[in-house]
Amino acid sequence: MSTQKITDATFEQEVLKAAEPVVVDFWAEWCGPCRMIAPALEEIAAEMKGKIKVVKLNIDENPAVASKLGIRSIPTLIIFKDGKAAAQKVGAAPKGELARWIGGAV
């Protein structure tokens with residue numbers, strides 16, 4: 001698996017203090033569009049390994065970070081660079097569009 005699961009407790013270390021840009025996928029088990037984009041994110045994570053890190057945060061199990069960031073819809077993807085949110089995308093998209101968006105932001 002190329003993506004990594006994170007929690008409220010590991011968010012700061014894995015995302016805010018990461019050396020490389022990090023794409024955070026805010027998702028939930030019951031979310032159909034979240035499950036739809038999961039395979040594309042896995043492929044992008046594998047293809048861009050070393051350039052970016054892709055992590056997943058289940059908002060049902062870890063509501064604190066999502067609440068703090070004002071996540072209202074899922075899937076929401078946020079790219080963090082140097083500990084700050086650099087870009088945000090809400091909703092499902094095809095792999096090509098996700099790859100372009102991530103590539104353009106990093």
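I looked up F11 and found it in helix α1; helices here are DSSP runs of H or I with at least four residues, strands are E runs of at least two, and both are numbered from the N terminus. The model is predicted, so I noted its limits: local features need pLDDT of at least 70, side-chain atom pairs count only at pLDDT 80 or more, and totals for chains, interfaces and linings use all residues. Residues are numbered from 1 along each chain as its sequence is written, and side-chain values use heavy atoms, with hydrogens and water left out.

**F11.** Is F11 buried or exposed? F11 is buried, at a relative accessible area of 6%. I take buried as under 20% relative accessible area, exposed as over 50%, and partly exposed as in between (1.4 Å probe, protein chains only). I listed its contacts (heavy atoms within 4.5 Å). Not counting residues up to four places away in sequence, F11 touches I6, L16, V24, V65, L69 and F80. I also checked L57: it is 46 residues from F11 along the chain, and their C-alpha atoms are separated by 8.5 Å.

**Cores.** Next I looked up the nonpolar cores, which are sets of buried Ala, Val, Leu, Ile, Met, Phe, Trp, Tyr and Cys residues joined through side-chain atoms within 4.5 Å. The largest has 20 residues, and F11, V15, V24, F26 and I74 touch the most other members. At least two residues of this core come from each of α1 (11-16), β2 (22-27), β3 (53-58), α3 (63-68) and β4 (76-81). β2 gives the largest share, 4 residues. I found another core apart from it, with 17 residues, including V23, I52, V54 and I79.

**Strand β4.** I counted 5 buried residues among the 6 of β4. Strands pair if DSSP finds at least two bridges between them. β4 pairs with β2 in the antiparallel sense over 5 bridges, and I78 in β4 stands opposite V24. β4 also runs antiparallel to β5, joined by 6 bridges. F80 has A85 in β5 as its bridge partner. β4 and β5 form a hairpin with 2 residues between them, and D82 in the turn has a positive phi of about 55°.

**Helix α4.** Which residues of α4 (95-105) are buried? I found L98, W101, I102 and A105. They lie on the same side of α4 because they cover an arc of only 95° around the axis, taken from the directions from the helix axis to the C-beta atoms. The buried residues of α4 pack against β2, α2 (32-47), β4 and β5 (84-90). On the face turned away from that side I noted the exposed residues R100 and G104.
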